[in-house]
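Biologist: I would like to learn how to read a few features from a model. Could we take them one by one?

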Amino acid sequence: MTDDPALVGPGECHVWSAEAHWAPELMELLDLLDENERARCTGFRHDESRALYLTAHVLARRVVAAQLSIAPRDVVVVPVCKHCDGPDDKGPHGKPTLPGTPLELSLSHSGSRVMVALTTAGPVGVDLEEIVPWQDLLADALSAAEQRELALVPEAGRARAFTRYWARKEAVLKATGDGLMVEPATLTVSAPGLPAELLEWHERPEPHLAVRLEDVDAGEGYRAAVAVVGSGDRVRLVRHEAVPVI
C-alpha cells in the first residue's frame, strides 16, 4: 500500500480488498504481526493459505494504524469469542477487537482475495465468498423461506444465488460475534435479487438488535456483504478498490 488508507468518518463503514498471491517477499511482512498471528501464519502447510492469512491481517493492521496514527505493528488486536469462558486449546480465536479504540473491525478471505471492514458505527461483520459449484453447497444452511426462493432460480444461477445468501448470513453472524456457533438456517435474509436485509432470526433471544446489511461488490466470481449492528439510519458504505499489500 503506497498511499495512506482513507480515514473512516462518522456513520461510515469502509471496506478494503486485496489480492493474495504467494510471493517469498510476503514473508517480510511477518514483522508487522503479533506473536500469535505469526505463529498462526507460519503454521499453515500451504503457501496459498499463508498468503491469504498474511495479506488479510497486514491489510487490517495498516488500515487501523492509519486511523490511529501509529505503526501497523503497534496495533493491538484481541480476538474475543463470546462462546468461551476463557483460554482453551484453540488458542486465541473469535471476533477481532481493538481495545481502547472506538473502531470495529472484521476481515474475511476466500479464493485469492481478502476483504477488511472498519467502522465506528457499531459491531461489524464482513464476509467474502468465492462462488463454487452448486454441488458443493450446503442447502441446509438456508431457512425454509430461502430454500423456496432458491428453488425458483434456474439451475445455472443457483451457485451465485446461494453464495449471495451465504455471504449475507455470515456477515450478520460475524457482526453479532456468534459465528457458525449459530445455525445459519435460523436467519432469513432477503432474496438474492433484492437489496440486502435481515428479515427474521428464528429462536434469537429478545431483544433483537437492529442489523444493517449491505452487499459489497467483490468482483467477478465472488459475492460479499457487510453488516453493522446498531440502531439509526443505514451506514454509509465506502468501498475502496483493491489495494496492494506489498
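Modeller: Start with where a residue sits. Helices (DSSP runs of H or I, at least four residues) and strands (DSSP runs of E, at least two) are numbered from the N terminus. Lysine 174 lies in helix H4. The model is predicted, so local features need pLDDT of at least 70 and side-chain atom pairs count only at pLDDT 80 or more, while totals for chains, interfaces and linings use all residues. Residues are numbered from 1 along each chain as its sequence is written, and side-chain values use heavy atoms, with hydrogens and water left out.

Biologist: Is lysine 174 buried or exposed, or partly exposed?

Modeller: Buried means under 20% relative accessible area, exposed over 50%, and partly exposed in between (1.4 Å probe, protein chains only). Lysine 174 has 21% relative accessibility, so it counts as partly exposed.

Biologist: Which residues is lysine 174 in contact with, leaving aside its neighbours within four places in sequence?

Modeller: Contact means heavy atoms within 4.5 Å. With those neighbours set aside, the partners of lysine 174 include Lys95, Ser106, Val124, Gly125 and Asp127. Its C-alpha atom is also 9.5 Å from that of valine 228, 54 residues away along the chain.

Biologist: Which strands pair with E10?

Modeller: Two strands pair if DSSP finds at least two bridges between them. Strand E6 (residues 124-130) pairs with E10 in the antiparallel sense over seven bridges, and glycine 125 stands opposite alanine 227. Strand E9 (residues 211-216) is also antiparallel to E10, over six bridges, with arginine 212 bridged to valine 228. E9 and E10 form a hairpin with five residues between them, and glycine 219 in the turn has a positive phi of about 95°.

Biologist: Why is strand E10 described as largely enclosed?

Modeller: Eight of the eight residues of E10 (residues 222-229) are buried, so the rest of the structure largely encloses the strand. Both faces are covered: one side has Tyr222, Ala224, Val226 and Val228, the other Arg223, Ala225, Ala227 and Val229.

Biologist: How many salt bridges does the structure hold?

Modeller: Side chains of opposite charge can pair when their charged atoms come close. A salt bridge is a side-chain nitrogen of Lys or Arg within 4 Å of a carboxyl oxygen of Asp or Glu. The structure holds 10 salt bridges.

Biologist: Which residues are linked with Arg61 in a network of salt bridges?

Modeller: Asp34 and Glu37 are linked with Arg61 in such a network. The closest N and O atoms of arginine 61 and aspartate 34 are 3.5 Å apart. For arginine 61 and glutamate 37 the distance is 2.9 Å. Arginine 61 lies in helix H2 and glutamate 37 in helix H1, so this pair ties together parts that are 24 residues apart in sequence. Arginine 61 counts as buried at 2% relative accessibility, and glutamate 37 is buried at 7%, whereas aspartate 34 is partly exposed at 23%.
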